[in-house]
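Student: Can we go through this one together? I would like to start with how the chains pair.

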Amino acid sequence: VPVDILLNVAVGGVLTGLVYGLMALGLSVIFGVVRVVNFAHGEMMTMAMYIALTLFAAFHLDPLVMLVPIALAMFAFGYLLQAGVINSFITRPEHSQFLLLIAIAIIIVNALLILFGPDAQNVQVAYAFDSYQLGPLIVDATKLYAGVAAITVAGALFVFFRYTEVGTAIRACADNYTGALVVGLDVKRFYALTFGLGAACVGAAGTILLLLFDVTPTVGPAYTLLAFIIVITGGMGSMPGALLGGMLVGLTEAVAGLLFTPSAKSMFSFAILVLVLLFRPQGILGKKAT
Amino acid sequence: MIAHLTDGVSRRALALLGVLFAILVLLPMIAGDYVLTVLTLILYFAYLGQAWNIMLGFAGQLSLGHALYVGLGAYTAAALYVHFGIGPWLSLLLAVPLAAAAGASIGFLAFRFRVAGVYFAILTIAVAEFARVGFDHLTWTGASAGLFLPVAQYVHNDLWNLRGHPLMFYYVLLAATVLAFIGCRALLLSRAGYFWLAIREDEEAARAAGIDTFRYKMMAVMISAGMTSFGGVIYAFYYNNLFPEQVFNISQSILIILGPFVGGVGTLFGPIVGALVLEAIAEGMRTLLAGLGIDLPGTNQLFFGIVLLLVVVALPEGVWPWFARRFGLAERKS
């Protein structure tokens, strides 16, 4: 394989990986704070993809333009889900929460199936075949925009958690549940906010990803798994780790798809997971459990 | 030994168990083809649920990748039959150790490095997915185009080669479910069983008490995987076709664990009751929707999801513990 092709594919993979990273970031935020494993994560992303798809089909609205409104809608969905159902499950055993989210995932998948049918669908934006040339590099416009959008959203989230009062309060809930209660924080409300933020993240990721991939109602579980692999690879609870893990997985998939057969590319993400669990169980940027 | 197994079980529970068994043995005589198919499915999931329950219910290790062991069992038996004409019971000699070895490798990876809880669950899904993609490219077993067992009209049931009427599969699965039930009861009463419960409740404390937690967790995953592979063998010979996309799919793993979850994790009746309840819901829904003339793909599954949600919210411990308390069947505390 010529080096320039390999390089082009690698760059494309990293840009796609940033969107994966944003998706995983949502999972990481939810798990890091609420301590609930969102097994409906990929399904929630498919939901956002279908919202973007419908808006594009009906009003010809570019997914990138609709990024913020869709993220807001997903925020509301996540907030209500946590406030309405999941909050009453946080003291239940892990497997009980898991079953709840599996039920939610089944409902989402099949509601989408009823509404949109089983066929793969995508959007054709005007710039779908544009590309930028940088020396020997040729970068697809869609991938470039996708990568930039993903980094922007992730950056905004980072700033929110770091510098705003609400973000600080959420981190306090994550660090010390009892402590947060003692100083008078309404922990359940912050949990709902956090789940909303995680949902907004995955919603934004889904909207962006629609520029790159087809969507079918049943694709959710695969993305859920991918998000987990990325979060574990990058380090549970580390925001830069999620993005780094996403880029790594995106890069691996792209290069493996080029060198081997595309249908076997996901095997390489699983291989990364096994290697990480073997040699660095806390993840690349994760802190060792104390 | 048998007297030991029934220690502490209430008379009512034993009587119920006897009646249930009698019903299951006699039911096929009056049941039509449809009911028989549904019953076979219930037993299939009751058996697999029982096998899976050893991991989460007894030893506290959440596996979400049991489709891996079903698939390994199914593919081993089918490939040996198609390529070499070796019957399913003989291939168990290969299928069971193979599945147990796969379980042991996952366990080795996870338990040595203290990969636990969610991480362990993800690892099990990932390995199952790895196998799915792998088998999709393995031409010896037909790759993604599928592996097919020769089908013909069988005048006589050939139990040795598992070729014949669905009724035969029903009784084979009934026997397997009963044996699994008794086996699990025996396991729970064994030394390992008590160690498992200790690990499930508090692993640190178990280790502090001198239990070799690594060894006993490995034991749980290997027994569970080996048992599960037998379900796969039956799957292969019952359906006569295998596709990696179906057998190794995450949704298969989820179907296996829904039974014990709904029925009651860690209880012996849970997997059986759960399989029964879920299948009843699914079939009831199908009949209802057909009656209403609704024929949209996904409707059935949608309602299934909603009912599942309601069950989880209303009965956090599962159906069986609630039922047992309600009707005085709970095990006596010794």
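Tutor: First the rule: a salt bridge is a side-chain nitrogen of Lys or Arg within 4 Å of a carboxyl oxygen of Asp or Glu. Also, this is a predicted model, in which local features need pLDDT of at least 70, side-chain atom pairs count only at pLDDT 80 or more, and totals for chains, interfaces and linings use all residues. Residues are numbered from 1 along each chain as its sequence is written, chains are lettered from A and ligands numbered from 1 in the order in which they are written, and side-chain values use heavy atoms, with hydrogens and water left out.

Student: How many salt bridges are there between chain B and chain A?

Tutor: The count is 0. For polar contacts (N or O atoms within 3.5 Å; within protein, one must be able to donate a hydrogen and the other to accept it, and residues adjacent in sequence count only if both atoms are side-chain atoms), the interface of chain B and chain A has 2 residue pairs, both at pLDDT 80 or more.

Student: Which elements of chain B give two or more residues to the side that touches chain A?

Tutor: They are helix 6 (117–136), helix 12 (250–263) and helix 14 (299–314) of chain B. Helix 6 of chain B gives the most, with 11 residues. Helices here are DSSP runs of H or I, at least four residues, numbered from the N terminus.

Student: How much area do chain B and chain A bury between them?

Tutor: About 3400 Å², 85% of it on carbon and sulfur atoms. Buried area is the accessible area (1.4 Å probe) that two parts lose on being put together, summed over both. Val118(B), Tyr119(B) and Ile122(B) supply 17% of what chain B buries against chain A, more than any other three residues.

Student: And how many residues does the contact take from each chain?

Tutor: 36 from chain B and 36 from chain A, where contact means heavy atoms within 4.5 Å.

Student: Back to salt bridges. How many over all chains?

Tutor: The count comes to 8. One of them joins Lys143(A) and Asp140(A), at 3.8 Å from N to O. Another pairs Arg200(B) with Glu201(B) at 3.0 Å.

Student: Is Glu201(B) buried or exposed?

Tutor: Glu201(B) is exposed, because its relative accessible area is 59%. The classes are buried under 20%, exposed over 50% and partly exposed in between (1.4 Å probe, protein chains only).

Student: New topic: Thr194(A). Where does that sit?

Tutor: In helix 8 (residues 187–209) of chain A. Thr194(A) has a relative accessible area of 0%, so it counts as buried.

Student: What does Thr194(A) touch?

Tutor: Leaving out residues up to four places away in sequence, Thr194(A) touches Val29(A), Ile30(A), Val33(A), Val34(A) and Ile170(A). A polar atom of the Thr194(A) side chain also lies 2.6 Å from the backbone oxygen of Phe190(A).

Student: Last one. Which residues form the nonpolar patch on the surface?

Tutor: Val1(A), Ile5(A), Leu6(A), Leu258(A), Leu259(A) and Phe260(A), with about 520 Å² of accessible area together. Helix 1 (3–34) and helix 10 (239–259) of chain A each supply at least two of the patch residues. Phe260(A) is in the loop between helix 10 and helix 11 (265–279) of chain A. Patches are made of residues with over 30% relative accessible area and no salt bridge; like charges are joined within 9 Å, nonpolar side chains (Val, Leu, Ile, Met, Phe, Trp, Tyr) within 5 Å. Accessible areas come from the Shrake-Rupley method with a 1.4 Å probe; for residues, only the protein chains shown count as cover.
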